[in-house]
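Here's a quick briefing to read with the model open beside you. Take a look at the fold before working through the notes.

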Amino acid sequence: MNILTIALLLPFAGTVLGSSCVFLTRDKIPALTQKMLLGFASGVMVAASVWSLLIPSMEQSGEGAIRVLPAVIGFLLGIAFLLAMDRIIPHLHLNSTNPEGPRSKLSRTTMLTLAVTLHNLPEGMAVGVAIAGAIAPDVGLTMAGAIALSLGIAIQNFPEGAIVSMPLRHEGHSRLRAFAIGSLSGIVEPIGALLTLLLAAYVTPILPYLLAFSAGAMIYVVVEELIPEASEGKHSNIGTLGFAVGFALMMVLDVVLG
């Protein structure tokens, strides 16, 4: 398996491993553990957005104050894109335990799968953009940096896979079905990354914008989904500690490998 394949598949592997937790526990993730995992995932995604996406976006945009413009435009477009998609696709928080259920005719399982797949799309795009930048000449990105981003997203996907599969099991689905749905929610990532690579010739000229776009989309997921869930109820400081650990780990990985 070459380094390109590893970079493409790492995020999906993280989702699969996280979803496999459904075979190791009897019921659902303890609340404190879930808060820690959500906080950790948030920290990883914020650090990856800054060091792997926004800073490279500005570094590739020339000199002077104007170099920040592509990063700002791309970032805001990424936020707007996820905001629009959240309104188009039925919305459901990752940790939804609302006893009344979702206010939709769609099944809870369908809504959960759609929501998580939506969240994984910009992550796959981010990996594809980073790899495209590493392959393109005179861009300044490295394959090690792309691997760091991919690894960071894989780490973030581990708790996400568990957070998806465990509630499905709790709702009465078999362990195998819950594992399959949790795993398949991450399949969009390698697909999105591969499609981005296939369009690399068109991607390279607007790479600064796309890097920042991916960062905006990932930050939207953190602010809209992960942090509110990690901060809800008692012991919100557990989520804060998880955020600190995830942020520090991804920062180290990106600086050392990038």
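A contact here means heavy atoms within 4.5 Å. Among contacts in the chain between residues at least 6 apart in sequence, 85% join residues at least 24 apart. Keep in mind that this is a predicted model, where local features need pLDDT of at least 70, side-chain atom pairs count only at pLDDT 80 or more, and totals for chains, interfaces and linings use all residues. Residues are numbered from 1 along each chain as its sequence is written, and side-chain values use heavy atoms, with hydrogens and water left out.

**Overall make-up**

- The chain has 10 helices and zero strands; helices (H or I, at least four residues) and strands (E, at least two) are DSSP runs, numbered from the N terminus.
- Of its 258 residues, 49% count as buried, with buried meaning under 20% relative accessible area, exposed over 50% and partly exposed in between (1.4 Å probe, protein chains only).

- pLDDT is the predictor's confidence in each residue, from 0 to 100; the chain averages 79, and 84% of the residues score at least 70.
- Where pLDDT is low, the predicted coordinates should not be read in detail.

**Helix 1 against helix 7**

- Helix 1 and helix 7 (residues 188-198) pack at about 155°, with their axes 8 Å apart. The axes are lines fitted to C-alpha atoms, for helices over the stretch in contact, and angles run from 0 to 180 degrees between N-to-C directions.
- That makes helix 1 and helix 7 roughly antiparallel to each other: angles over 145 degrees get that label, while those under 35 count as roughly parallel, 65 to 115 as roughly perpendicular and the rest as oblique.
- Helix 1 brings Leu4, Leu8, Leu9, Pro11, Phe12 and Thr15 to the contact, and helix 7 brings Glu189, Pro190, Ala193, Leu194 and Leu197.

**The nonpolar cores**

- A nonpolar core is a set of buried Ala, Val, Leu, Ile, Met, Phe, Trp, Tyr and Cys residues joined through side-chain atoms within 4.5 Å.
- The largest one has 42 residues, and those with the most contacts inside it are Leu53, Ile131, Leu149, Met218 and Leu226.
- Helix 9 (207-231) is among the helices that each supply at least two residues of this core, and helix 9 gives the most, with 12 residues.
- A second, separate core of six residues includes Val164, Leu168, Ala178 and Ile181.
- Not counting residues up to four places away in sequence, Ile131 touches Leu4, Ala7, Leu8, Met143, Ala146 and Leu197.

- Ser19 lies in helix 1 and is buried, with a relative accessible area of 0%.
- Leaving aside neighbours within four places in sequence, Ser19 is in contact with Gly161, Ala162, Ser165, Phe179, Gly182 and Ser183.
- Ser185 sits in the loop between helix 6 (175-184) and helix 7, and is buried as well, with a relative accessible area of 1%.
- Ser185 and Ser19 are 166 residues apart along the chain, yet their C-alpha atoms are separated by 9.7 Å.
- Gln34, in helix 2, is buried with a relative accessible area of 10%. Gln34 and Ile163 are 129 residues apart in sequence and 7.6 Å apart in space, C-alpha to C-alpha.
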